[in-house]
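Please look over the sequence and the model shown here. The report after it goes from the whole chain down to single residues.

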Amino acid sequence: MRKLLFGLFSLMIISASAQSSPVAKEAARQAPDSQLQQYIAQAKAQGYSLSTVENLLRAQGATYEDLARLSALWGGTGEASTEAVMDEEAIGTDFGLSAQSVDAPAQTRAARFGASFFNRARLTETPELYIATPDDYQLGPGDELSIQLFGGSEEMYTVQISREGHIKVPRLAPVYLSGLSVGQAKARIKNAFSQIYTGLNVQIDDPSRVDLMVSLRSARSVVINISGNVQVPGTYTISAFSSVLNALYAAGGPNEVGSYRDIKIIRNGKLLQSIDLYDFFLNGSLPTLYLKDQDIIQVPALQKEVELQGGFKTTGFFELKESETLKELLAISGGFMSNAYKERVLVNRISGYKRETLSHNLNESTSLALEDGDVITSNLINEVVENGVSIEGAVYLPGLYSLSLVSTVGELLEASKGLTKEAFSGQATLFRKSYEVENQARTIDFSIASDLNITLKGGDRLYIPSALDVFDSGTISVIGEVNSPGTFEFKNGMTLYDALVLADGFSNQADKKSVAVYFSSIYDKEFFTQTDFYQVSDELKTQYPVQLEANTLIVVRKRFELRDVEKVTLTGLVLTPGVYAIKSNRYRLYDLLQDSGGFIEDAYLNGISITREAETAERIKNAISEISENQELSQEFIKPIVMGINGEKLMQTKGLDLNLNPILQEGDVVNVPKLDNTITVIGEVQQTSKIVFNKNISIGESVTRAGGYNQNARKSGVYVIYKNGSVKSRKRILGIFKSDPKLEPGVTVVVPQKIVRENRGSITEIVGITSSLATVALLIRQLGL
């Protein structure tokens with residue numbers, strides 16, 4: 001079995017030696033599953049269960065991932081056994097040697113004080129242990145020491161303390177070091193080494209003097225047992241540097257009923273020490289205690305637990321010792337929050353089969369004896385101000401005032417230093433609450449003495465409106481060919497000149513001869529806009545004395561003779577491909593090809609195509625979207641349009657045949673492809689193929705060369721896509737004679753799939769489809785396509 005466990009462990013986790021390097025451990029984890037399955041088969045043959053092997057491997061430092069991998073290979077479920085399926089964070093392994101970070105276990109109730117230390121996610125399961133060796137650290141079997149001699153002699157020894165507790169150096173008798181501190185060990189080693197290095201005992205100024213330095217090269221690993229109420233009790237292999245806190249951290253900490261106040265350390269069957277973790281959580285104080293092989297950390301069940309709620313700085317469950325009272329509990333929790341009521345607490349206590357609530361006055365005593373299960377609550381003070389009033393708006397010092405200083409409206413106004421210049425009409429509104437709901441209002445006139453003498457009540461609010469808030473002066477809008485078009489606040493007396501100045505003047509494309517000004521007016525309850533046009537000269541101020549009104553629209557139009565430069569792109573086998581400007585409204589394809597300088601060798605003229613962004617198609621899509629929820633149907637009309645051109649005839653006629661010579665539009669992409677002397681056959685054929693073109697080849701022959709039709713082919717629907725993007729389909733004349741499109745170089749023959757009709761649909765569905773198609777056809781007709 002030892003050999004079997006070694007195989008499982010070395011393949012899954014790390015090498016059996018506690019001093020294995022991280023590189024060796026990672027290499028062992030990368031072993032293939034096939035090797036591990038051989039050892040699993042042997043374990044099953046010898047009668048070992050999965051849980052037994054897991055417990056043995058966990059004692060050697062196996063991680064959760066290692067156990068999950070074992071379980072997946074053992075039973076094929078991919079899940080660990082009952083013993084292994086637990087929170088990853090709770091599965092501790094070699095401290096300083098293993099384990100990745102995990103998430104905290106889920107809490108089913110308010111958190112226990114101190115639980116967050118063990119439950120929080122962390123980057124590594126163990127702390128870094130690259131620290132100086134503590135003076136009180138006791139050496140033991142497995143510790144590795146470095147002994148360095150320098151001065152009159154230069155030498156270095158690396159030794160390990162044996163199981164018997166001594167080290168062995170050539171030419172020296174064994175030196176017993178177990179149980180000694182590093183300082184004590186240094187003195188004993190120096191005494192032993194002085195037998196062969198006489199320079200260790202000479203004076204400091206002697207040239208032959210030899211100095212000796214001893215350091216702990218690698219700490220031993222110890223095997224400890226953690227039992228009781230912890231998340232994952234079991235046997236753990238940890239570094240000898242690890243503290244009790246580190247060991248509990250590896251085991252996930254106490255569980256929901258485990259004690260934080262009475263952690264027992266048992267050595268050789270006797271209680272060595274009891275540790276209170278609250279000392280660490282509150283003061284950072286932890287006894288210095290190094291664990292040894294076979295030490296037991298025992299976590300008993302808690303004896304007394306109470307809960308704090310409400311206005312305490314720290315709320316949750318707290319474990320108390322038998323002698324601790326409310327006073328000690330307040331100290332542990334940090335006391336009351338600033339907005340808590342500090343003179344009284346409520347204690348909800350179990351009494352027999354029910355609970356009862358007690359009220360305790362803290363002014364009398366804080367030494368209230370607490371019982372297990374008590375829930376202590378501190379109420380938060382209501383934010384409502386009982387004796388305050390407020391003033392808002394157009395005063396110099398708005399804010400909250402005490403009724404002890406002001407009692408009337410006049411006194412409140414005086415305390416706020418009076419009205420500002422923006423105050424509107426010398427009036428205000430007094431809002432008053434009833435049952436803490438602001439549901440009353442009264443108009444205050446500051447010119448009436450009785451209004452100023454109104455007595456205020458707690459919660460009253462006096463609002464003085466500002467003229468800036470009351471009046472809406474309106475706006476003016478300037479759009480078109482100005483440098484900063486926008487909407488501006490209207491001011492009385494504004495002229496057209498002022499509006500143009502706010503818009504930073506005319507742009508260089510503005511038509512100064514005609515500026516449209518739209519006034520909005522209402523006559524006889526009918527709204528209409530009045531439009532006036534004004535001549536512009538360089539003398540803006542004298543030419544634009546026009547008085548504006550609120551909500552006026554000013555439009556500065558573009559000069560008629562100016563147009564944006566429209567562009568097309570020419571690609572492919574031409575002498576000068578690139579971007580070209582459309583020179584006129586009748587700039588055609590032939591003109592573009594002439595401007596490019598002509599074609600280069602291997603240009604395929606019949607493959608010339610024009611790709612156009614379908615603006616009209618976009619309008620169809622939007623129209624369909626408004627009348628139909630069929631988004632797929634509307635998306636079909638948004639694809640770019642590709643026009644195929646017979647370039648040979650275009651060049652032969654020199655562009656005179658206007659049917660072959662379309663007018664170009666902004667954004668058009670014209671492509672002159674390279675001659676492709678092949679035919680591509682795709683779709684429902686036996687094999688997608690490319691075949692060499694010859695002028696006598698037909699659709700039938702091309703399909704034959706592709707292995708023929710497959711069983712799903714719709715032969716009557718075969719169509720051809722030409723190099724220029726145009727499409728032609730197979731036709732029948734008089735329903736009898738088949739007429740195939742002529743093949744050219746670079747074409748693609750497409751064999752579509754048969755249409756499978758599962759059901760013909762109801763009359764209602766057929767009518768709906770027909771109606772939609774008729775609507776689309778009508779739209780296309782109306783849009784002029």
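## The chain as a whole

The model is predicted. Its chain has 785 residues, and 39% of them count as buried. The secondary structure amounts to 21 helices and 37 strands.

The chain exposes about 44000 Å², and carbon and sulfur atoms supply 51% of that area. Among contacts between residues at least 6 apart in sequence, 60% join residues at least 24 apart.

Strands of a sheet pair through backbone hydrogen bonds, either parallel or antiparallel. In this chain, five strands form an open sheet in the order 17-16-20-18-19, with mixed pairing. Strand 17 (399-402) and strand 19 (437-445) are at the edges; each has a single partner strand, so one side of each has no neighbour in the sheet. On average, neighbouring strands of this sheet are turned by 25° against each other, with direction ignored.

Strand 18 (residues 427-434) and strand 20 (residues 461-464) run antiparallel and are joined by three bridges. The residue in strand 20 that forms the bridge with F431 is R461.

## Helix 10 and its buried side

Helix 10 covers residues 326-333, and L326, L329, L330, I332 and S333 in it are buried. These residues cover an arc of only 160° around the axis, so they lie on the same side of helix 10.

## A loop residue: D295

D295 is in the loop between helix 9 and strand 10 (296-299). Is D295 buried or exposed? Its relative accessible area is 1%, and residues under 20% count as buried, so D295 is buried.

Leaving out residues up to four places away in sequence, D295 touches V223, I224, N225, I266, R267 and Y290. With R267, one of these residues, there is also a polar contact: the side chain of D295 meets the side chain of R267 at 2.7 Å.

Technical notes. Residues numbered from 1 in each chain as written. Predicted model: local features only at pLDDT ≥ 70, side-chain atom pairs only at ≥ 80, totals over all residues. Heavy atoms only, no water. Pairing = 2+ DSSP bridges. Helix = DSSP H or I, 4+ residues; strand = E, 2+ residues; numbered from the N terminus. Axes fitted to C-alpha atoms, helices over the stretch in contact; angles between N-to-C directions. Buried < 20%, exposed > 50% of the residue type's maximum accessible area, 1.4 Å probe, protein only. Contact = heavy atoms within 4.5 Å. Areas by Shrake-Rupley, 256 points an atom, 1.4 Å probe, with all protein chains shown as cover. Arc of directions from axis to C-beta. Polar contact = N/O pair within 3.5 Å; in protein donor to acceptor, adjacent residues only side chain to side chain.
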